[in-house]
Amino acid sequence: MHPTYLRAVMAQWASGVVVVTTMRDGGERHGMTASSFTSVALDPPLVSVCLATDSTTCRSVRRSGVFAVNVLGHDHEDIGRRFAASGSGSNRFDVGNWSTATTGAAVLADAVAWVDCVVAACHPAGDHTIVLGLVRDAATPRPAPPLIYHDRTYYEGIAR
Ligand SMILES: Cc1cc2nc3c(=O)[nH]c(=O)nc-3n(C[C@H](O)[C@H](O)[C@H](O)COP(=O)(O)O)c2cc1C
């Protein structure tokens, strides 16, 4: 299976869009756009994200042991693009109203939802790492339609 072909096939899977935030060694915040967010268990409350092992976010999540997952709203395309751009580093947080959750990870004031987690386990999976998070806190700050990603295109998830 050629990676380019598998990527094209998987691009047909529509997903929501999240920003995974964490802290770097010096305490500064870091984060990336992700679509691999999944609810795993209710008791105990577990979620997962699947992060490229060589990404700054994955390294920082492993070292800090904490992360938050921010579910983006239909009007957050600029944030989704910003947190996916390579090399944009700390200025990713220049857009959006960010505050700090219990673990120290950043949460977005007008996210559709967020969960704040401590790392429960990290499982290697090829060039990615499946990160399991134990949810310490969660909120639904804004009841709004979500941002959707399909075939490399952002959509506003408006109900029919
Ligand atoms: C819609 C979308 C979803 C993405 N989902 C993931 C994901 O689930 N896991 C991942 O490792 N990268 C994902 N990416 C790519 C990262 O956002 C991108 O590589 C980012 O620059 C990594 O930042 P970092 O190296 O500073 O951690 C996604 C990108 C986009 C646009």
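How many bridges join strand 11 to strand 12? The legends below take this up after an overall view.

**Figure 1. The whole predicted model.** This is a predicted model, in which local features need pLDDT of at least 70, side-chain atom pairs count only at pLDDT 80 or more, and totals for chains, interfaces and linings use all residues. Residues are numbered from 1 along each chain as its sequence is written. The protein has three helices and twelve strands (DSSP runs numbered from the N terminus: helices are H or I, at least four residues; strands are E, at least two). Its C-alpha atoms fill a box of roughly 35 × 35 × 35 Å along the principal axes. Of the 160 residues, 35% are buried (20 or more other C-beta atoms within 10 Å of a residue's own, with C-beta atoms placed from the backbone).

**Figure 2. The hairpin of strands 11 and 12.** Four bridges join strand 11 (residues 147-150) to strand 12 (residues 153-156). The two strands run antiparallel and form a hairpin with two residues between them. D151 sits in the turn, with a positive phi of about 55 degrees. H150 stands opposite T153 in strand 12. Strands pair if DSSP finds at least two bridges between them.

**Figure 3. The shell around the ligand.** The ligand has 15 residues around it; A34, S36, A52, S55 and T57 come nearest. Strand 3 (29-34), strand 5 (46-52) and helix 2 (56-64) each give two or more residues to this shell. By class, the shell has eight nonpolar, seven polar and no charged residues. Ala, Val, Leu, Ile, Met, Phe, Trp, Tyr, Cys and Pro count as nonpolar, Asp, Glu, Lys and Arg as charged, and the others, Gly among them, as polar.

Terms used
A residue is near a molecule or strand if its C-beta atom, placed from the backbone, lies within 6 Å of it. A residue is buried if 20 or more other C-beta atoms lie within 10 Å of its own, exposed if 12 or fewer, and partly exposed in between; C-beta atoms are placed from the backbone.
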